[in-house]
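Good morning, and thank you for coming.

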Amino acid sequence: MKAEEQAQNSAVPVFQRIKDYLLGQIHAGYWKEGDAIPSEQVLAKQFGVSRMTVNRAVRELTDDQLLTRIQGSGTYVAQHKYQATLVEIKSIAEEVRARGHRHRSELHLLERGKAGEHMAGTFGVEIGELLFHSLIVHFENDIPIQLEDRWVNPDVAPEYMQQDFSAITPNEYLMAAAPLQGVNYSIEALSPPREIAEMLHIRAKEPCLVLKRRTLSQAQVASFVTMWHPGSRYQFAGSF
């Protein structure tokens, strides 16, 4: 079925169908990293919609780092550069072992939770929709260095609740179950709430480096994680 026929026959919003079409072309290998995609004018004519509708679809994929725009040139399939960013997408266990140290973890919470207003907005779902939620403290040589507070999309990782997180980290499971399509993150310095400070064995007012990261897979949000690191025990580094 042609893309424009799909647009007419589906109940999904048009901008989402355009996103799905663009992602489908990329996943099928018709457009590879660095290839230009059709212009907004061409896509608008193909789908029989306004350029504003096409612009929303392209803009959201650009925000998700799946497409990249070059002023005066066009829009291209983004190149994957996750390992070239400040924060590499890798397991904390791998990071600890690479330093020749011992990793272990403590699972404090593993539950089926309902999306509140913030998580509903983050995942693009309705308030009250089911999400998986875990709370894990990671240790390096028995010293707590990270509290991982993670929410997971069941549609992308349906077996998340069945994992043994003493043997595998959530990152390791998700990288296999939901291969990355994109990532957004931010880092800030915050004082931890009392319960977080207690789990990290630090004073309540000790500054923490807090990494918030949203990962994308299968054209949807796969997970959102907030990772608390004691500022006196952890640092972020990278190279380009």
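**Helix packing and selected residues**

Let us start with helix α2, residues 14-27, and helix α4, residues 51-63, which pack with their axes 8 Å apart and at an angle of about 50 degrees. The crossing in which α2 passes α4 is right-handed.

Which residues make this contact? From α2 come V14, F15, I18, K19, L22 and L23, and they meet T53, V54, R56, A57, V58, E60 and L61 of α4. By residue class, the contact of α2 with α4 has nine nonpolar residues, three charged and one polar.

Helix α2 also packs with α3, at an angle of about 115 degrees and with the two axes 12 Å apart. That makes α2 roughly perpendicular to α3. Here too the crossing is right-handed. On the α2 side the residues are I18, Y21 and L22, and they meet L43, Q46 and F47 in α3. Five of the residues in the contact of α2 with α3 are nonpolar and one is polar, with no charged residue. Please note I18 and L22 of α2, for they are listed in the contact with α4 and also in the contact with α3.

Between α3, residues 40-47, and α4 there is a loop, and S50 is found in it. Is S50 buried, exposed or partly exposed? Its relative accessible area is 40%, so S50 is partly exposed. The C-alpha atom of S50 lies 9.1 Å from that of E40, and these two residues are ten apart along the chain.

I turn now to T169, in the loop between β5, residues 143-152, and α7, residues 170-177. T169 counts as buried because its relative accessibility is 4%, and the cut-off for buried is under 20%. Leaving aside residues up to four places away in sequence, T169 touches S91, I92, A93, H103 and H138.

Next come two residues with backbone angles that deserve a look. Most residues other than glycine have a negative phi. H201, however, has a positive phi, near 60 degrees, and is not a glycine. H201 sits in the loop between α8, residues 194-200, and β7, residues 208-217. With a relative accessibility of 54%, H201 counts as exposed. The other residue is A219, also not a glycine, with a positive phi of about 65 degrees. A219 is placed in the loop between β7 and β8, the latter being residues 220-230. At 37% relative accessibility, A219 counts as partly exposed.

Finally, how confident is the prediction? The mean pLDDT of the protein chain is 86, and 89% of its residues reach 70 or more. Confidence is highest in strand β4, residues 130-140, at a mean of 97, and lowest in helix α1, residues 3-9, at 48. Over residues 4-8 the pLDDT stays under 50, and the model has five contacts for them beyond four places in sequence. Residues 81-86 are also below 50, and this stretch has 18 contacts in the model beyond near neighbours in sequence. Where pLDDT is low, the predicted coordinates should not be read in detail.

Thank you for your attention.

Technical notes
Residues are numbered from 1 along each chain as its sequence is written. This is a predicted model: local features need pLDDT of at least 70, side-chain atom pairs count only at pLDDT 80 or more; totals for chains, interfaces and linings use all residues. Side-chain values use heavy atoms; hydrogens and water are left out. Helices (H or I, at least four residues) and strands (E, at least two) are DSSP runs, numbered from the N terminus. Buried means under 20% relative accessible area, exposed over 50%, partly exposed in between (1.4 Å probe, protein chains only). Contact means heavy atoms within 4.5 Å. Axes are lines fitted to C-alpha atoms, for helices over the stretch in contact, and angles run from 0 to 180 degrees between N-to-C directions. A crossing is left-handed if the near helix is turned anticlockwise from the far one by less than a right angle, and right-handed if clockwise. Ala, Val, Leu, Ile, Met, Phe, Trp, Tyr, Cys and Pro count as nonpolar, Asp, Glu, Lys and Arg as charged, and the others, Gly among them, as polar. pLDDT is the predictor's confidence in each residue, from 0 to 100. Angles under 35 degrees count as roughly parallel, over 145 as roughly antiparallel, 65 to 115 as roughly perpendicular and the rest as oblique.
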